[in-house]
Amino acid sequence: MCFSWMPIAVLVVAVIAGYIYFNKPSDIYLSRPLNSTYDYIVVGAGSAGAVVANRLSEDKDTSVLLIEAGGSELGILEFEIPAGFIALQRTESDWEYYTEPQKYASQSMKEKRSYWPRGRVLGGTSNLNNMVYIRGSRHDFDHWEKEGCNGWSYKDVLPYFIKAEDFQMDEYADSGYHGKGGYQTVSESLVTELRDIYMAASEEAGYKTVDCNGENMIGFCKMQSSIRNGQRWSTAKAYLRPVMERENLHISINSIVTKIIIENKKAVGIEMIKDGRKKRIMVKKEVIVSAGSVNSPQLLMLSGIGPKQHLEQFKIPVHADLPVGSNLQDHMFCSLPIYANVSYGIDIIKATSIKTLLQYFLFGKGYLTSSALEATLYTHSSKGDKSFYPDIQLHFLSISFDPNMAKKYNPNNMDDESIENMINSNIDASMVIMPTLIHPKSRGEIRLKSTDPFDHPAIDPHYLEQKEDVNVLIEGIRVAQKLVKTKVLEKFGAKEVNLIALNPKCSHIEYDSDAFWECGIRNAAQTVYHPTSTCRMGAANDPTAVVDSQLRVKGIAGLRVVDASVMRNIPSGNTNAPSIMIGEKASDMIRGKDTVADIRAKTKNL
């Protein structure tokens, strides 16, 4: 009997084509002619900028121009499919940054450089990330206020987190910590049986299961993600698509802002390149820079706002001598592949099967609806303050480790020798636990390489310069090993994969010693894609601050920065959710309104 796959293949193609056709909004609102002047100009349509443009344009008598360097997110399936995030790296929608060669880290990466994907598209990096939605610890924000960021304590920011949310996990919906009906959907990320195994192992090891966006984040947490009905819910989908028809909101894509025009210490407009031509657009009220932790400091420095000595090297007239680009912070993680006698993890065969494709495109279900990050865990290192924020995070990745996929996409920028070692290692892993450093002591910087706005800046995170960062990551590995040795995981034959085959550079060191792990960390630990704090917020007299607690650039009127670059310090978790919160809170500041008074009254005792 001869069986033909042709009818099924035709069905799959027809289903995908129909999905694209019926799910494609219109881009007609992106072709409006631009005015010569606006009340507000927002530079960058990412996680914060999309929020600001939406909220400012709620006032119908206010004109808003949102400028995005990249293009539309429409028509690219990988932007829709949560599992497709890795295929978006190194595309035209990615700035594709690389750090400067690292002295203490990235030793097994090409030229010792870490690869930094950053979104260059409507929605910014919320279109490229793993969709993890974690706010951070209440202690993060209380510490911001303690250091001079008035109005940024936990009780101040919680109402804006709640306002943003359309929370869809019934288990925690009535806790008082979550919102319903906001633009940003937050849902449970669960597609395999592994999540419940992680949870049982964590509980056996003494960790409570908690809502990490609730009262206390210490413990095991079911992953909360910016996913709606099986689709990635970027800020383009959440905040821009529903309001693009507003006549007072203009959006200019494929437009590179090259300079903020400053006259008499006041921002009066911007210069940009669009369709190969320079344009000058003036502003009546404010320019809001929301270009992210790399592009925002670059644009400020090109405009004459930054370290005086550095700007003078490039003969850039100095309008404000500020520590722009300094205080760069980022999270790092290392991977611990785990073998277990289970076949629950997602692999390439499962992810691309006809069944999986039909499940997704017909019903919005199945493996493709998740990035495979199904849980996280927060705890303290031995030197961490148990009454303060956590300093260790574990990510649980429900995939079967595939060296060939690592070679194809190489998200770590591993060098050729390391890739070949990985392929030849014959590693068999059913899941991956990723210990993560969330409060690094090392500090980096971003500096100009030239006055050409099309040249990428010099990014030097100074990864692992402080030995304490390595020590915390080693303790994170020990926490992961403790979980592997629980009865829950031993029942499935779980064991840690021997990583000497992956990294022969460390083979001369006693396996599983702290020295072995330090070698592995300095070779292979990588970014979690969370750069922050390069336009740091602080008190007016704080010499480390670029913006005040109202996010106004010090010494320049009519100019604010609203994105992850203003974070006083990096928060205890993934940075997309707090970036959205910053956009919501800044919008009220700019408009002079209090849109969360009712929420604040309900949360004052939380």
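## Cavities

A cavity is a set of grid points where a 1.4 Å probe fits but cannot get out, and its lining residues have an atom within 4 Å of a point. In this predicted model, the count comes to four cavities of 30 Å³ or more.

The second largest cavity has a volume of about 70 Å³. Its lining includes Leu328, Gln329, Asp330 and Met332. Leu437, Pro440 and Ser442 also line this cavity, along with Pro461, His462, Tyr463, Leu464 and Asp469. By residue type, the lining of the second largest cavity divides into seven nonpolar, three polar and two charged.

## Second largest pocket

The second largest pocket has a volume of about 290 Å³. It is lined by 17 residues, of which Ser381, Gly384, Asp391, Lys441 and Glu468 are the closest to its centre.

Helix α14 supplies the largest share of this pocket's lining, with five residues. The lining of the second largest pocket is made up of four nonpolar, six polar and seven charged residues.

## Helices α14 and α16

Helix α14 spans residues 467-484 and helix α16 spans residues 514-524. Their axes come within 10 Å and cross at roughly 110°. Angles of 65 to 115 degrees count as roughly perpendicular, and α14 and α16 are therefore roughly perpendicular to each other. Their crossing is right-handed.

On the α14 side, the contact is made by Lys467, Val470, Leu473, Ile474, Ile477, Arg478 and Gln481. These meet Asp514, Trp517, Glu518, Ile521 and Arg522 in α16. The residues of this contact divide into six nonpolar, one polar and five charged.

Note on methods
Residues numbered from 1 in each chain as written. Predicted model: local features only at pLDDT ≥ 70, side-chain atom pairs only at ≥ 80, totals over all residues. Heavy atoms only, no water. 1 Å grid on protein atoms, 1.4 Å probe; cavity = no way out; pocket = protein on both sides within 12 Å on 5 of 7 lines; lining within 4 Å. Points joined across faces, edges and corners; volume = space filled by probe spheres on them. Nonpolar A, V, L, I, M, F, W, Y, C, P; charged D, E, K, R; others polar. Axes fitted to C-alpha atoms, helices over the stretch in contact; angles between N-to-C directions. Helix = DSSP H or I, 4+ residues; strand = E, 2+ residues; numbered from the N terminus. Parallel < 35°, antiparallel > 145°, perpendicular 65-115°, else oblique. Left-handed = near helix turned anticlockwise from the far one by under 90°. Contact = heavy atoms within 4.5 Å.
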